Amino acid sequence: KQIGTVLGTPIFEADINVNQNAKDNLLRLVLQPLMYSFCKEQGIDHAAELKSRIKDENRREMARFFVVHAELQRHLYQKYGGRVSVSAFGPTAVDGMKEWIKAHEKAGDFEITDTKLRSQWNELLSPDREGTVFASPEQIKAAFDPAITERFIQQYEKVPSGAHANFDLVLVGEVLGNPIRIPQRYINDNVAIGSPSMPAPGKSNTNPRRP
């Protein structure tokens, strides 16, 4: 059963990963393709720089997500203004995102036809979710410091090629007094970059640190 379309590509029920929550599925299937396409069109995806500085494809793809997210949020705030939320993963121009998504839907760039998925999508994009922390006008400039993008790239430059998967979180900076951590998916068996401790080789981390 088809449940939606993104940039001309149909989304089917089979595309839903049952091991992921609704937020992660919607991010992967809907929001991420829109982000990548838009930032490429705007020339703010840092594609050439990422390819030049991060040779390993897996590490480059991980860095790409965080770089594109940071650049998109900065762009949306500059264009739309509005409120900015802060979290461990950096600032989000919540009102700007709402306008941006509305424009993409109006243009026919995506459609979610499944009722349940649509409800989850609306909840995901709600700027007034419980627990949301908003930046003050004085704090917003610091929240969109371009140096944050560079820190993401530098972090993934350090991760060794061929390292195994791990979901520990690594501190890469701070925004408005809130630490910014990114999932360190690929790490050396013996050393966790930016992390004080690491499971022994062959053991998994079943309780990763949270922001």
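Buried here means under 20% relative accessible area, exposed means over 50%, and partly exposed is what lies in between (1.4 Å probe, protein chains only). With that settled, some notes on the model.

1. Ground rules. This is a predicted model, so to speak of local features pLDDT must be at least 70, and side-chain atom pairs count only at pLDDT 80 or more, while totals for chains, interfaces and linings use all residues. Residues are numbered from 1 along each chain as its sequence is written, and side-chain values use heavy atoms, with hydrogens and water left out.

2. Overall make-up. The chain has 7 helices and 8 strands; these are DSSP runs numbered from the N terminus, helices being H or I of at least four residues and strands E of at least two. Of its 211 residues, 40% count as buried. Take the contacts (heavy atoms within 4.5 Å) between residues at least 6 apart in sequence: 60% of them join residues at least 24 apart.

3. Helix 5 covers residues 115-125, and its buried residues are Leu117, Trp121 and Leu124. They span an arc of only 65° around the axis, which puts them on the same side of the helix; the arc is taken from the directions from the helix axis to the C-beta atoms. What covers these residues includes strand 1 (2-6), helix 1 (22-42), helix 4 (94-106) and strand 5 (110-112).

4. Thr115, Lys116 and Glu123 are exposed on the face turned away from the buried side. At the start of the helix, a side-chain oxygen of Asp114 comes to within 3.3 Å of the backbone nitrogen of Lys116.

5. Leu117 close up. Leu117 has a relative accessible area of 9%, so it is buried. Leaving out residues up to four places away in sequence, Leu117 touches Ile3, Ile16, Leu26 and Ile112. Lys23 is 94 residues from Leu117 along the chain, with 9.9 Å between the two C-alpha atoms.

6. An arginine worth a look. Arg60 sits in helix 3 (residues 57-80). Arg60 is buried yet has no salt bridge, and the nearest side chain of opposite charge, Glu57, is 5.2 Å away. For the record, a salt bridge is a side-chain nitrogen of Lys or Arg within 4 Å of a carboxyl oxygen of Asp or Glu; Lys and Arg count as positive, Asp and Glu as negative, and His and the chain ends are not counted. Beyond residues up to four places away in sequence, Arg60 touches Leu50, Lys51, Ile54 and Lys55.

7. Salt bridges elsewhere. The count comes to 9 salt bridges by this rule. One of them joins Asp56 and Arg59, at 3.8 Å from N to O. Asp56 is buried at 18% relative accessible area, and Arg59 is buried too, at 5%.

8. Pairs within helices. Arg53 forms a salt bridge with Glu49, the closest N and O atoms being 2.7 Å apart. Arg53 and Glu49 are 4 residues apart in helix 2 (residues 47-53), so about one helical turn separates them. Arg53 is partly exposed at 25%, as is Glu49 at 28%. In helix 3, Arg64 forms a salt bridge with Glu61, with 3.3 Å between the closest N and O atoms; being 3 residues apart, these two are also separated by about one helical turn. Arg64 has 26% relative accessible area and Glu61 has 35%, which makes Glu61 partly exposed. Through shared partners, salt bridges also join Glu49, Arg53, Glu150 and Glu157 into one network.

9. Strand 1 and strand 2 (residues 9-12) pair in the antiparallel sense over 4 bridges; strands count as paired if DSSP finds at least two bridges between them. Phe12 in strand 2 is the bridge partner of Gln2. The hairpin has 2 residues between the strands, and Leu7 takes a positive phi near 50°.

10. An open sheet of 3 strands has the order 4-3-6, with antiparallel pairing. Strand 4 (90-92) and strand 6 (133-134) are the edge strands, each pairing on one side only. Strand 3 (residues 85-87) is joined to strand 4 by 3 bridges, and the bridge partner of Ser87 in strand 4 is Gly90.

Definitions and conventions: A polar contact is a pair of N or O atoms within 3.5 Å; within protein, one must be able to donate a hydrogen and the other to accept it, and residues adjacent in sequence count only if both atoms are side-chain atoms.
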